[in-house]
Each structure stands twice: as C-alpha cells, then as structure tokens.
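Open the model in your viewer and keep the selection tool at hand. This tour goes stop by stop.

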Amino acid sequence: MLKSTFKFLGWTILGIITFLVLYLISVYLISKITVNSDVAQVEEKDAVSIYILSNGVHTDIVVPIVNDTKDWRNEIQFGQTQSKDSLMNYIAFGWGDKGFYLDTPEWSDLKASTALKAAFGVSSSAMHTTFFKQLKEGDDCKRILISKENYQKLVTFISDSFTDSIHPQWIEGHSYGRKDAFYEAKGSYSLFYTCNTWANCALKAANQKASLWTVYDKGIFCHYK
C-alpha cells in the first residue's frame, strides 16, 4: 500500500514537472511568432496614436480619452477616481484577475487561494483603468499608429471586455492611486489567458503586430523593438 502511494506521488510530481517544462517552452516559443507582421503603415495625420505600456509584469493598452471615434468619458468617469482630475489626455486599460487586483496591492499580500484561483480560471476578472496626461516612450512604453478603422475595432474589443459595455460597473472603494479605478469585467484569468494575453488579443483585434499567443509582457514587446 505504502509502495503504491509513493509510486503514485512520484508519477504525479513527474507529471507536474513535465507540464511546467512544456508550458514554459511553449510560452517562450509561441510568443516569438508574429501575427499581422504585414500591417500597413499609416500616415500620422490619418492615424490614431495608441500605446502599449508595461510595469515589468503587466501590459496596458493606452488610448486617447477623446477623439472622433470614441469619447471614453461617457463610460469611464473622472469623478470615479480619487483626484477627479479631468485634465487628462489618455486612458489605460488593463484586464486582469479580480482577486489579484483588489486583494493583492503588494506581492507580500498574495494568498495561496488567490493564486490558485487565478491559475486555474475559477475566479472573476476586473478592468483597471488609469488616466494619464502624457506618456513618455521607452522600453516599457511603445507608441503605435493605427488607422481609424482599426481603432474602432480596438474600441469594440475593449468595450466588450466589460460586463456591461454601455455602463461599466464601477468597483467603488478600490484603486492603486489617485487617477485610477476598477470595473467589473468578463472572463477568467488562467495560466493560458493572462492580463498580457488580453492585451495581445486587443492588438490582434485591431490588426496590429502581436504574438500568436503570449502570457507575459515581453511576448508583446518583442514585436515592437
């Protein structure tokens, strides 16, 4: 009996290790495959400027607050931030696991239950929005010029990620700073669909260069060197 138990545990551990190795190899290799590599260049006068922004782990999609295509102030209100500052020009959208967002302000606050729920896709999600007056391009912030037609597709993708695309449900009382807010979102975070997967899918929806599949930020940024 004891021998069988140890044998079972041994095969279980081996299976877990094999899965993790294959997962990490797949994450690295597949993220290097570019989609929409032949995207047409757009003249700046005819384009919309968007940004991809990383904090080193998580990727946000940053867009103009207002242009001819979309006025985000109708859904994401300045008054729902602590600062209530309306002198902003851009808004960043970052989809992610609700438990991580709301209950884990610091890595030291991470609970095993939160991590397990997120890894296996059994928790709900949230959208984190942050207002910016301006952004500075660098290794962690890339500017992309896209057509108005493709920007409309990006707007649709982002809007459809909220539980209510017309009236996003504000999660009151939660923020990381003075110019951000959280909203209820669709879907579940998992090992195969992370915050960066969402951002990558947003770029694909807008017919921009992206990874075939990625779960980490560098899988996006490697296509924008």
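What follows is a walk through a predicted model, from the overall fold to single residues.

**The whole chain**

Show the cartoon first. Six helices and eight strands make up the secondary structure. Along the sequence the order is α-β-β-β-β-α-α-β-β-α-β-α-β-α. Switch to a surface. Of the 225 residues, 44% count as buried. Now consider the contacts with a separation of 6 or more: 75% of them join residues 24 or more positions apart.

Select residues 2-31, which form helix α1. Then pick Ile-13, Ile-17, Val-21, Ile-25, Tyr-28 and Leu-29. Together these side chains make a nonpolar surface patch of about 580 Å². Stop at Ile-25, a member of helix α1. Its relative accessibility is 44%, so Ile-25 counts as partly exposed.

Next, look at the rings. The structure as a whole holds 16 aromatic pairs. One of them is Phe-19 with Tyr-23, a stacked pair with 6.0 Å between centres and 25° between planes. What separates these two residues along helix α1? They are four residues apart, which means about one helical turn. Phe-19 is partly exposed, at 37% relative accessibility. Tyr-23 is buried, with a relative accessible area of 12%.

Where do the two partners sit? Tyr-23 is in helix α1, while Phe-192 is in the loop between β7 (180-185) and α5 (195-205). The pair therefore ties together parts that lie 169 residues apart in sequence. Phe-192 is partly exposed, with a relative accessibility of 46%.

Phe-19, Tyr-23, Phe-192 and Trp-213 form one aromatic cluster.

**Two lysines over rings**

Go to Lys-70 and Trp-72. The charged end of Lys-70 sits over the Trp-72 ring, 4.9 Å from the ring centre. Then jump to Lys-209 and Tyr-224. Here Lys-209 lies over the face of Tyr-224, with 5.0 Å to the ring centre.

**Strand β5: Ser-125**

Select residues 125-132, strand β5, and zoom to Ser-125. Is Ser-125 buried or exposed? Buried: its relative accessibility is 0%. Which residues does it touch, apart from neighbours within four places in sequence? One run of contacts is Trp-95, Gly-96, Asp-97 and Lys-98; the list also includes Glu-184, Ala-185, Lys-186 and Gly-187. Draw a distance line from Ser-125 to Tyr-183. The C-alpha atoms are separated by 8.9 Å, although the residues are 58 apart along the chain.

**Helix α4: Leu-154**

Move to residues 148-160, helix α4, and highlight Leu-154. At 1% relative accessibility, Leu-154 is buried. Show what surrounds it. Leaving out residues up to four places away in sequence, Leu-154 touches Ile-50, Ile-61, Val-63, Ile-146, Ala-202 and Ala-206. Leu-154 and Cys-201 are 47 residues apart in sequence, with 9.6 Å from C-alpha to C-alpha.

**Two asparagines with positive phi**

Finish with the backbone. Select Asn-36, in the loop between β1 (34-35) and β2 (47-54). Asn-36 has a positive phi of about 60° although it is not a glycine. Its relative accessibility is 26%, so Asn-36 counts as partly exposed.

Last, select Asn-207. It lies in the loop between α5 and β8 (210-211). Phi is positive at Asn-207 too, at about 60°, and again the residue is not a glycine. Asn-207 is partly exposed, with a relative accessible area of 29%.

Conventions: Residues are numbered from 1 along each chain as its sequence is written. This is a predicted model: local features need pLDDT of at least 70, side-chain atom pairs count only at pLDDT 80 or more; totals for chains, interfaces and linings use all residues. Side-chain values use heavy atoms; hydrogens and water are left out. Patches are made of residues with over 30% relative accessible area and no salt bridge: like charges are joined within 9 Å, nonpolar side chains (Val, Leu, Ile, Met, Phe, Trp, Tyr) within 5 Å. Accessible areas come from the Shrake-Rupley method with a 1.4 Å probe; for residues, only the protein chains shown count as cover. A salt bridge is a side-chain nitrogen of Lys or Arg within 4 Å of a carboxyl oxygen of Asp or Glu. Buried means under 20% relative accessible area, exposed over 50%, partly exposed in between (1.4 Å probe, protein chains only). Rings of Phe, Tyr and Trp (its six-membered ring) pair if their centres lie within 6.5 Å; planes under 30 degrees apart count as stacked, over 60 as edge-to-face and the rest as tilted. A charge sits over a ring if NZ of Lys or CZ of Arg is within 6 Å of the ring centre and within 35 degrees of the ring normal. Contact means heavy atoms within 4.5 Å.
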